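The following exercises concern the structure shown below. Each consists of a task and a solution worked out in steps.

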Amino acid sequence: MPTVTINAQVAHLLRRTSFGPLPGQVDKLSKLGIQGAIDHVLAGSPLPVATPDLTDDSSDEPVRWWLGMMADPKAGLHEKMTWFWHGHLTISHNKVFWWNVEWPAHLLQRQFALGSFRQMLKQLTISPAMLLYLDGDWSTVQGPNENYARELQELFTIGQGNVVQDNVSNGALALAGWHVDWDLGTSIFIDEDWSRLDHKVPFLGKQVWRYDEVVDAACDDQAMPSFVAAKIWYYLVGITPSPSKQATLATFFRSHGLDTGALVGYILRDPVFLQKRLNRPRYPVEWVTAAMAAMGISDHRQTAVDQLWQMGQLPFYPPSVAGWPVGLRWLSPSLALARAALAADSIAIQKVADAADPVAAALHRCSMFEVSAQTRKALNEAKASMTNKTKRAAVLLALCLASPEFALA
Amino acid sequence: MKIIDRRQFLQMGLAAGAGVAAATTFGPGLARAGNRGPAVGRLPVRARITAAPIAKRRMVVLDMAGGNDGLSCFPPKGVAGNTYRTLRPRTFIPEADMLDLTSWGSSTVGMHPKLTNIHARGAAVIQGVGVVKPDLSHFEMLRRWWAGDQDSLHNSATGFLGRICDVIGDPTAPAVGLSLGYGPSPSLNSANVVTMSMDPYSDGSFPTFDDINMHRAWVAAWKTMAERQSTETVPFCSARDGAAYAKRFSDLATSLPNPGGGYPSTDLGYQLMLAARICAQDNGIRIVHIPVFEDFDTHDDHLARHAAVLQDIDTAVEAFLTDLALRGIQDEVLLVSTSEFGRRVPDNESNGLDHGAGSFVMLMGPINPGLYGAYPDLSSLDGDDNLVATVHMNDYYATLAEGWFGVPASQVLSGGTPLSGIFTS
């Protein structure tokens, strides 16, 4: 097996724990050695948050704002885990269409991105955005809506195979009583007999009423840490954990109080993490952010919005309550064409044009430190067929961005 | 309707310059074996069309996201008409204005006055299509219609149309399903065959550089990068395959036969003009999905807005079916509609209609014109004042899968029984 360079390891680390690497980041971090680089990533702090303009619900300003956060050179693990929760505890602007209530929910996911899963879930459960998104709004004990009770279990905590209808029905009764004030955008609990439950009901082996007891029961269910930890493992490592690994992760997550930060640290320090390079598609938000940085156009936020819309992964617009799917579909021909469309807008980067070895310079610009023979062959063909340095630099950059290596994380 | 807002937002930006681009790039199509360009000459006499053999059949789906009001398309007459006018005092269509459906075998149902061409041609109309437990959210109902998940029981990774493509499609074809919108449609998500999307205002050509030397180097190296290496991992192979199919699809798109004439200069006109060119070539594409960008979400001023929408549909569909006939493929192409729900039966004080449930769908092409399924009962609405479905989404979808494509419903749906008698044979 060929030796993996420190640059390749650090590039892998940054692909998984940020929306980069952005040009230059790998060189800087490699000086710390791989363990030092992992420590550095884990010690990173959240980006400061400045509230975007939320006044116009037809505007994509919050989307542009978030894409700007992702493209920030200081964006790291916290930003990356905020994106994870956005696709796990989903809320869609398509349905809610009220930035002023979606924003506080987004802030909750930021607050707890590397913190307590239980606290995040409790607060999100009764957040106006979630009440509107999954129909808790005006769900009463006399006319309970089962949507949230089902998804809370099926998608957020214990997984599809562990859900039975009795727990959905009873969960809906115990969660009933909330609605959203249309003027204030706040959640209101109506403490009346017609509205909420007046006795406890069995739910996931416990007797519960009220949202906090429902969430506690879901978090205490033995399937929960196993389901959620396996999904975080997949997100960071790119493979499904083995049954024994999954059991270990579940035990760790539970014994650390469902603290996401602790779990993520544990996963990044697992030797398997560094082995599983380029084994999953780079998701569109990751690809677009890294590609635009390599092209030197990170500040063109509307371009990023349009590109991500074409590629089917626009922040705040998950396709369903299950979030964005994972898997090889992100390498489909449609996506390849969409990537080609952005890549073909590449212009020459001066450093690449001036380099003695423009192929190496283009690869470096794109933080590609593990390159297949076939991709190298294609780049060398392009280099050999062109004499104009500027035009050649643009084409080489476009080809790097269009390569399988850049399409994978 | 929020989804539409986003699309229209994008569309304005694209369409502004793209209309011009389309006019120039739709130039002379390549004469190619297997392409059937529009013949010059007289229209064939309109007659009942006998459906082509199953292997040759294609389907074009008009996806009317936003909630098309089926009741206004096919309003009731007679006794039910009284109930209709009582429930919709601000938005009813007078019986005198309705198109007469006696020739379709119905004296109790009329047709929207703007659908004159469709009326003249004849359509198979399925009445009261909906789901068992309706949801009033566009988002949720679109998801169910795209996934073919009537009861919202599955978080399926594939779409209903994508699953049909998987069964009937050629895995080596550049594409089996194609959406003519902006970005892939969840309805076409497939597991085994390629489904694509194409901007209806683009010529589908491969993205490249203007400079000829850059263009040559880029395309040549792209092809080299797209060569699958058997020694590489599955993700690498998938990425290279994706690149190879992308190029093949672009080559297909630029080899389509010439566009036909007579289409209105509307989004739907452009989309259907492109759909006819796609159907007129033996290219492996079996299902064309068209997101209709007209605004069906008529919460206010329903009568005028809906009439304008139907006028566009009627004109564009007429041009499309004429185009197919001139190309001699009218027996191979079925045109169908979907919409995530109909609209509330009682109208609101803004002269509009809120989100509803049961609706009506239309099928055109090799069909026996007429009304299928039972007319929904206006005197027995559901708890939200909506039409109770008389035909379920699964039954409608089963009709398309089994009746048109010969695919057993059980292969692509959980449940569903096809309606009989719709297709000619």
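**Exercise 1.** Locate K122(A), and determine whether K122(A) is buried or exposed and which residues surround it.

*Solution.* Step 1: K122(A) belongs to helix α8 of chain A, residues 117–125; helices are DSSP runs of H or I with at least four residues, strands are runs of E with at least two, and both are numbered from the N terminus. The model is a predicted one, in which local features need pLDDT of at least 70 and side-chain atom pairs count only at pLDDT 80 or more, while totals for chains, interfaces and linings use all residues. Residues are numbered from 1 along each chain as its sequence is written, chains are lettered from A and ligands numbered from 1 in the order in which they are written, and side-chain values use heavy atoms, with hydrogens and water left out.

Step 1: K122(A) is buried, because its relative accessibility is 15% (buried: under 20% relative accessible area; exposed: over 50%; partly exposed: in between; 1.4 Å probe, protein chains only).

Step 2: Beyond the neighbours within four places in sequence, K122(A) has contacts (heavy atoms within 4.5 Å) with Y211(A), D212(A), V215(A) and D216(A).

Step 3: K122(A) also takes part in a network of salt bridges together with R118(A), K206(A), D216(A) and D220(A); a salt bridge is a side-chain nitrogen of Lys or Arg within 4 Å of a carboxyl oxygen of Asp or Glu.

**Exercise 2.** Describe the surroundings of L396(A).

*Solution.* Step 1: L396(A) is part of helix α23 of chain A, residues 389–402. Step 2: With a relative accessibility of 1%, L396(A) counts as buried. Step 3: Apart from neighbours within four places in sequence, L396(A) touches P358(A), V359(A), A362(A), L379(A), A382(A) and K383(A). Step 4: N380(A) is 16 residues from L396(A) along the chain, and their C-alpha atoms are 9.0 Å apart.

**Exercise 3.** How many residues of each chain are in contact across the interface between chain B and chain A, and how many salt bridges are counted there?

*Solution.* Step 1: The contacts involve 52 residues of chain B and 56 residues of chain A. Step 2: About 4500 Å² is buried between the two chains, 67% of it on carbon and sulfur atoms; buried area is the accessible area (1.4 Å probe) that two parts lose on being put together, summed over both. Step 3: The count of salt bridges between these chains is 1. D211(B) and K391(A) form a salt bridge with their closest N and O atoms 2.7 Å apart.

**Exercise 4.** Characterise the largest cavity by its volume and its lining.

*Solution.* Step 1: The volume of the largest cavity is about 120 Å³. Step 2: Its lining has 13 residues, of which T125(A), L131(A), G136(A), Y148(A) and L175(A) are the closest to the centre. Step 3: Helices α9 (128–133), α10 (147–157) and α11 (165–175) of chain A each give two or more residues to this lining.

Step 1: The lining comprises 9 nonpolar residues, 4 polar residues and no charged residues. Here Ala, Val, Leu, Ile, Met, Phe, Trp, Tyr, Cys and Pro count as nonpolar, Asp, Glu, Lys and Arg as charged, and the others, Gly among them, as polar. A cavity is a set of points, on a 1 Å grid over the protein atoms alone, where a 1.4 Å probe fits but cannot get out, and lining residues have an atom within 4 Å of a point. Grid points are joined across faces, edges and corners, and a volume is the space filled by probe spheres set on the points.

Conventions:
1 Å grid on protein atoms, 1.4 Å probe; cavity = no way out; pocket = protein on both sides within 12 Å on 5 of 7 lines; lining within 4 Å.
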